[in-house]
Amino acid sequence: MKNIESKLKESRSYKPNNTFVAQSNLTVNLLEQLHKSYKNDSDAFWGKLARQNIDWIKDFKTICSGEAPFYKWFEEGKLNVSENCLDRYINKNKLAIIHISEDDKKKSISYDDLYYLVNNFSYALKQQGLIKGDRVIIYMPTTPEAIIAMLSCARLGLIHSVVFAGFSSESLQNRINDCKAKIIITVDGFKRNGKIIKAKETVDQALSMGCPSIRNCIVFKNLKNKIEFNKNIDIYWDEILSSKQQIVKPEIMSSEDLLFILYTSGSTGKPKGIMHTTAGYLLNSIITNKWVFDLKENDIFWCTADIGWITGHSYVVYGPLATGSTILIYDGAPTYPDVDRFWDIIEKNKVTVFYTAPTAIRTLMKLGENLPDKYNLESLRLLGTVGEPINPKAWVWYHNKIGNSNCPIVDTWWQTETGANMIAPIPGVTKTVPGTCTHPLPGIDIGIISDDGREITKANQGGNLVIKKPWPSMLRGIWGDETRYQKTYWKKFKNKYYVTGDTARKDEDGNIWIMGRSDDVVNVSGHRLGTMEIESSIVSHEYVAEAAVVSYKHEVKGEAIHAFVTLKNNYIDYMTPEFAEDLRYWVKDKIGSIAKPERISFSNALPKTRSGKIMRRLLRNIARGENISGDTSTLENENILKQLQNIL
Ligand code: PRX
């Protein structure tokens, strides 16, 4: 019965409305042509798109060269990303950024303004003696200055690595040291939920723990709150700007030069520095903004992602600006001062395209299901989601209440590693079904493969989600760790396919349903976290002996973290709710709030195999309230399961 019921729910489908179809960038015919041209000659397909969408300083000679897993794209081509985002849109009287701060100050920045601001800051960075290839850490909230910093790095050929400003000093220090950054750019502070977050203090802590490569810290006076100013390292943003307007010629970059490194969690404790290059990344960002978000120059696109995530890179900064549209950025909490903040911003600013995460949709739905009724959201014409599967209930609410039953919803599947959307509906063409990201985009060859390497063709049978052919915005590796790159993404199927780490199935209509991860990665509120990373932060506490982290289903966050912890013998008196609370904050300090476990339970031991391996599968069953499945005969101490089940 349960299955039949859910099947019925899933078969609700939605066709794009005629008004949308009439104006959409891609039509049924155009989409068919794109798929056909890729099938006929993939190189010709990508070459044509690259010439149509990017302004090249020098044309490329080859399209895709090299062999798995080390592909190269558009070799010998020369270009500059900031030139593609700025120079080609100036003198057109066009708006680039609408910035809304948490305390509701609004700032509008035209493409001309942004061009001059980026040139001036680029000049200042150059004066600091930075040269092409140097790494720069950006530890800032989503403000115009963060975007100026990113585009200035791109203009000079500096490799930026944006670190989400909610990360702790330790996470920041790890990232700085991994990429050996010379400069860190930050703010004095920023506001979240009405409180001041002292970003500069976190930077100071990170630097005091040891970051030998850092020469300077550039501080933008965002709130003008008091900071500790270290005159050996710190410099103020406004004080290094030249008093007269400077113009900096864009650095001539090769297609394969690195544009940025972005750290993401993997299944081991150490985050991976995902590397993206100039031309390939730019191309997929642009075309997906046009195809999936149907972006046009008169759109006001609000992607709510923070610039610290890949979504902020591709759908706040690079993609939309290189497409010449207007972006809205909101630097604040979604529920501040009240839970209708998003709807208020959409109404006031006439947002046309809105892209957010299922966790935000679920939170706002829970807190004010009918609140959107009070707002005029008619400016919206397209909605998107990303980061985790969206449950049909939230999808339908989003469709009815936010989209007025009128806007297509694009559920976009992709990863930090893929650089841009890979599986997503084409809004003027695809019939959408709540809960599926539908079909691969043109040029993206997706497969579902069994563990023994066979392609699964039978409908609804799950397997490993892989990408079978290279694509321009694919990651080029992990910074400083070639072996890990090969092992994580290519080894499983002997270099034949890129392994996403997700499992998926295809239904009878070819719609792809993401089923979850196949590795030790959890997805909390759309953020990827390695369970190992959280475990190692817990065991670094003096009282803790062992920890095992698993996830369970959570109504709002999608998945939440449950940590099973044992304490050292002389600290067993601390198996208390108070100490559990202390530990949650310990993890917050070590990694950041997003990693704070929802639940912590203490026990005398953890279930282990006789060889000493923690059986996370059993802990998962317990955390999820399921019956213990599979064989438990290899357990060293079966009684421990009873103790753990009694705790919950
Ligand atoms: O498991 C998939 C999930 O998020 C992972 C990628 O995380 P990250 O690199 O942080 O990038 C998030 C933003 C692109 C994927 O491996 N994921 C992403 N989008 C979806 C999704 N799961 C289901 N549906 C999606 N639309």
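P69 is found in the loop between strand β1 (64–67) and strand β2 (70–73), where helices (H or I, at least four residues) and strands (E, at least two) are DSSP runs, numbered from the N terminus. The bond that joins A68 and P69 is a cis peptide bond, with omega at about -5 degrees. This is a predicted model, in which local features need pLDDT of at least 70 and side-chain atom pairs count only at pLDDT 80 or more, while totals for chains, interfaces and linings use all residues. Residues are numbered from 1 along each chain as its sequence is written, and side-chain values use heavy atoms, with hydrogens and water left out.

A cis peptide bond also joins Y336 and P337, again with omega at about -5 degrees, and P337 lies in the loop between β17 (326–331) and α13. Most residues other than glycine have a negative phi, and most peptide bonds are trans. Against that background, K350 has a positive phi, near 50 degrees, in a residue other than glycine, and K350 is found in the loop between α13 and β18. T438 is not a glycine either, yet its phi is positive at about 65 degrees, and its place is in the loop between β20 (409–412) and β21 (446–449). Are these two residues buried or exposed? K350 is exposed, with a relative accessible area of 56%, whereas T438 is buried, with a relative accessible area of 0%; here buried means under 20% relative accessible area, exposed over 50%, and partly exposed in between, with a 1.4 Å probe and protein chains only.

The helices can be taken next. Two packed helices are described by the angle between their axes and the distance between the axes. Helix α11 (residues 278–291) and helix α12 have axes that come within 8 Å and cross at roughly 80 degrees, where axes are lines fitted to C-alpha atoms, for helices over the stretch in contact, and angles run from 0 to 180 degrees between N-to-C directions. That makes α11 roughly perpendicular to α12, because angles under 35 degrees count as roughly parallel, over 145 as roughly antiparallel, 65 to 115 as roughly perpendicular and the rest as oblique. The residues that make the contact (heavy atoms within 4.5 Å) include Y281, L282 and S285 of α11 and H313, Y315 and Y318 of α12. By class, this contact has eight nonpolar, seven polar and one charged residues; Ala, Val, Leu, Ile, Met, Phe, Trp, Tyr, Cys and Pro count as nonpolar, Asp, Glu, Lys and Arg as charged, and the others, Gly among them, as polar.

Helix α14 (residues 358–367) and helix α15 (residues 392–402) pack at an angle of about 75 degrees, with their axes 10 Å apart, and they are therefore roughly perpendicular to each other. I361, R362, L364 and M365 of α14 meet K393, A394, W397 and Y398 of α15, so that by class the contact has six nonpolar, no polar and two charged residues. Seven of the 10 residues of α14 are buried, and the helix is mostly covered; what covers its buried residues includes α13 (341–349), β18, β19 (382–386), α15 and β28 (558–567).

Aromatic rings supply further links. Rings of Phe, Tyr and Trp (its six-membered ring) pair if their centres lie within 6.5 Å, and planes under 30 degrees apart count as stacked, over 60 as edge-to-face and the rest as tilted. By this rule the count comes to 48 aromatic pairs. One of them is the edge-to-face pair of Y115 and Y116, at 5.2 Å centre to centre with 75 degrees between the planes; Y115 is buried, with a relative accessible area of 9%, while Y116 is partly exposed, with 36%. Y315 and Y355 form an edge-to-face pair too, at 5.7 Å centre to centre and 90 degrees between the planes. Because Y315 lies in helix α12 (residues 310–323) and Y355 in strand β18 (residues 353–356), the pair ties together parts that are 40 residues apart in sequence, and both residues are buried.

Finally, P597 is found in the loop between α18 (577–590) and β29 (599–602), and P597 is buried, with a relative accessible area of 0%. Leaving aside its neighbours within four places in sequence, P597 is in contact with I561, A563, R584 and V587.
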